[in-house]
Amino acid sequence: MGEPVIGVLALQGGVAEHLAALERCGARAVPVRRVEELDAVDGIVLPGGESTTMTRLLDTVELYEPLRARLAEGLPAYGSCAGMIMLASSVEDAGTAGVRPLGALDVVVRRNAFGRQVDSFETELDFQGIDGPVRAVFIRAPWVDKIGEDVSVLATVPGGLDAATTPDATEHDGLAGRIVAVQQGAVLATAFHPELVEGDERVHRCFVRIVRGR
Ligand SMILES: NC(=O)CC[C@H](N)C(=O)O
């Protein structure tokens, strides 16, 4: 494959940051809002945002079913935060909130899992397949509660979080080991937002490599 064409679902959320990161990794990055645009991509990124709103907008533009179908056929996908929620097979705390996940990844995801106390924070973590620590920005993030047997864990919340960047560090300590990045075949998901860390495209590079490998 030459330059892979990677779409970013552009209904809501952190679209521009993903487009820019993908371009820096040598992909052709295109916003996806319509079926014809979806048909033209070799892989797709589902950005962060709000999974309730994303579900509703996918219905509104009649993209929910086409996207679900392409994912079921094996379209490589990467979801960050709300995108991870949308890729899951099942979501806790989804019933009342109107989230309808697309079922591309055999995991149970818990929305807003870190709770009020630790709402948003940053830390460095080890990421399977990436050399050196990865700076991870969590914003009202989910975590993965359960994984199917074909799913690999790529990153978990480290112990002893940096008290300088995380004022509620003692609260965070109880969170060590929570699963925050996974891969199943050509589907990658992170609970955090690599697209917000300037100058580090290593997670996006992983995804571009997955797309090229197809
Ligand atoms: N930064 C994010 O994407 C937040 C996700 C959001 N809490 C949701 O449930 O969809």
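Residues are numbered from 1 along each chain as its sequence is written. Because the model is predicted, local features need pLDDT of at least 70 and side-chain atom pairs count only at pLDDT 80 or more, while totals for chains, interfaces and linings use all residues.

The protein contains 7 helices and 12 strands. These are DSSP runs, numbered from the N terminus: helices are H or I with at least four residues, strands are E with at least two. The C-alpha atoms fill a box of roughly 50 × 40 × 30 Å along the principal axes.

Buried residues make up 44% of the 214 residues. A residue is buried if 20 or more other C-beta atoms lie within 10 Å of its own, exposed if 12 or fewer, and partly exposed in between; C-beta atoms are placed from the backbone. Of the contacts with a separation of 6 or more, 68% join residues 24 or more positions apart. Two residues are in contact if their C-beta atoms, placed from the backbone, lie within 7 Å.

An unreviewed UniProt entry lists Cys81, His193 and Glu195 under "active site". They span 115 residues in sequence, yet no two of their C-alpha atoms are more than 10.9 Å apart, so they gather at one spot. UniProt positions follow the numbering used here, feature names are shortened, and annotations may be inferred rather than shown by experiment.

His193 sits in the loop between β12 (187-190) and α7 (202-212). It counts as buried, with 24 C-beta neighbours inside 10 Å. Beyond four places in sequence, the contacts of His193 include Cys81, Ser80 and Gly14. Glu195 lies in the loop between β12 and α7. Its 27 C-beta neighbours inside 10 Å make Glu195 buried. Among the contacts of Glu195, beyond four places in sequence, are Gly14, Glu17 and Ser80.

The residues around the ligand include Gly48, Cys81, Arg111, Asn112 and Arg140. A residue is near a molecule or strand if its C-beta atom, placed from the backbone, lies within 6 Å of it. The shell divides into 4 nonpolar, 4 polar and 3 charged residues. Ala, Val, Leu, Ile, Met, Phe, Trp, Tyr, Cys and Pro count as nonpolar, Asp, Glu, Lys and Arg as charged, and the others, Gly among them, as polar.
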